[in-house]
Amino acid sequence: MIVIEENFITDIQCDQLISFFNENRDKISHYSVNSTNTLKVKLIETSLISSIKDNIISHCLSLTNSKVYLDNYEIVEWPKDSYHPPHYDLPTDIFSSLIYLNENFVGGETYFSDSKIIKPKKGTCLTFSNSKYRHSVNKINIGTRYTFSFWFSRINNHMEVWSSG
């Protein structure tokens, strides 16, 4: 399953999320594997983030009959020269959703092993079966890419549980 929904959030919301990331640089983590910076927003959630999270949950529940929980969500900064090599996510993952927060960069396309390439478009939500589709992020050649990323997993005695049934 690969689902693309344009205009999932507004340009203004995208800009507000990037500003929120930059205002909270003291809370980011750096991942040397792909040279990204992430802000886990679960503990510093705002009304904007909560609203988008609720919309993502509803969106994802409409795509599955499984009971799922939101495992993680974070704003990710992809600086120039960062990328993510081809991989599968954990077998317990049902899907990932990501919202592209900007498009003023070169590179950074989401690539699937079946040769499907998704060019980032501001406000667009991409949801896919991350444990079934081998995927990667192409190298960012110019500028900085920002995404708001979500990972959903099968229920395993976690607190944040949602069911479509």
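## Getting started

Buried means under 20% relative accessible area, exposed means over 50%, and partly exposed is in between, using a 1.4 Å probe and protein chains only.

The model here is predicted, so local features need pLDDT of at least 70 and side-chain atom pairs count only at pLDDT 80 or more, while totals for chains, interfaces and linings use all residues. Residues are numbered from 1 along each chain as its sequence is written, and side-chain values use heavy atoms, with hydrogens and water left out.

## Rings that pair up

Let's look at the aromatic rings. Rings of Phe, Tyr and Trp (its six-membered ring) pair if their centres lie within 6.5 Å; planes under 30 degrees apart count as stacked, over 60 as edge-to-face and the rest as tilted. The structure holds 5 aromatic pairs. In one of them, Tyr73 and Phe150 have ring centres 6.0 Å apart and planes at 10 degrees, so this pair is stacked. It links distant parts of the chain: Tyr73 is in strand β4 (residues 68–78) and Phe150 is in strand β13 (residues 145–154), 77 residues apart. (Helices, H or I with at least four residues, and strands, E with at least two, are DSSP runs numbered from the N terminus.) Tyr73 counts as buried at 2% relative accessibility, and Phe150 counts as buried at 0%. Ring pairs also link Tyr73, Phe148 and Phe150 into a cluster.

Back to Phe112, which forms an edge-to-face pair with Phe128: 5.0 Å centre to centre, with 80 degrees between the planes. Phe112 lies in strand β8 (residues 110–112) and Phe128 in strand β10 (residues 125–128), so the pair ties together parts that are 16 residues apart in sequence. Phe128 is buried too, with a relative accessible area of 3%.

## A charge over a ring

The charged end of Arg145 sits over the ring of Trp78, 5.0 Å from its centre. To count, NZ of Lys or CZ of Arg has to be within 6 Å of the ring centre and within 35 degrees of the ring normal.

## The nonpolar cores

A nonpolar core is a set of buried Ala, Val, Leu, Ile, Met, Phe, Trp, Tyr and Cys residues joined through side-chain atoms within 4.5 Å. Which members touch the most others in the largest core? Of its 29 residues, they are Ile99, Leu101 and Phe148. The elements giving two or more residues to this core are α1 (11–23), α2 (47–61), β4, β6 (93–100) and β13. Helix α2 gives the most, with 7 residues.

Now zoom in on Leu101. Leaving aside neighbours within four places in sequence, Leu101 is in contact (heavy atoms within 4.5 Å) with a list of residues including Ile9, Cys14, Ile75, Lys122 and Phe148. There is also a second, separate core of 6 residues, which includes Tyr100, Phe112, Leu126 and Phe128.

How many disulfides does the structure hold? The count is 0, where a disulfide is a pair of cysteine sulfur atoms within 2.5 Å. Cys14 is in no disulfide, and the nearest cysteine sulfur, in Cys125, is 11 Å away. For Cys125, the closest cysteine sulfur is in Cys60 at 6.5 Å, too far for a bond. Cys14 counts as buried at 0% relative accessibility, and Cys125 counts as buried at 1%.

## Salt bridges

Side chains of opposite charge can pair when their charged atoms come close. A salt bridge is a side-chain nitrogen of Lys or Arg within 4 Å of a carboxyl oxygen of Asp or Glu, and the structure holds 8 of them. Lys121 bridges to Glu6, with the closest N and O atoms 3.1 Å apart. Lys121 lies in the loop between β9 (117–118) and β10, and Glu6 in the loop between β1 (2–5) and α1, so the pair ties together parts that are 115 residues apart in sequence. Lys121 is partly exposed at 38%, and Glu6 is partly exposed at 45%.

Arg25 forms a salt bridge with Glu77, the closest N and O atoms being 2.4 Å apart. Asp81 bridges to Lys139 with 3.6 Å between the closest N and O atoms, and Lys80, Asp81 and Lys139 are linked in a network of salt bridges.
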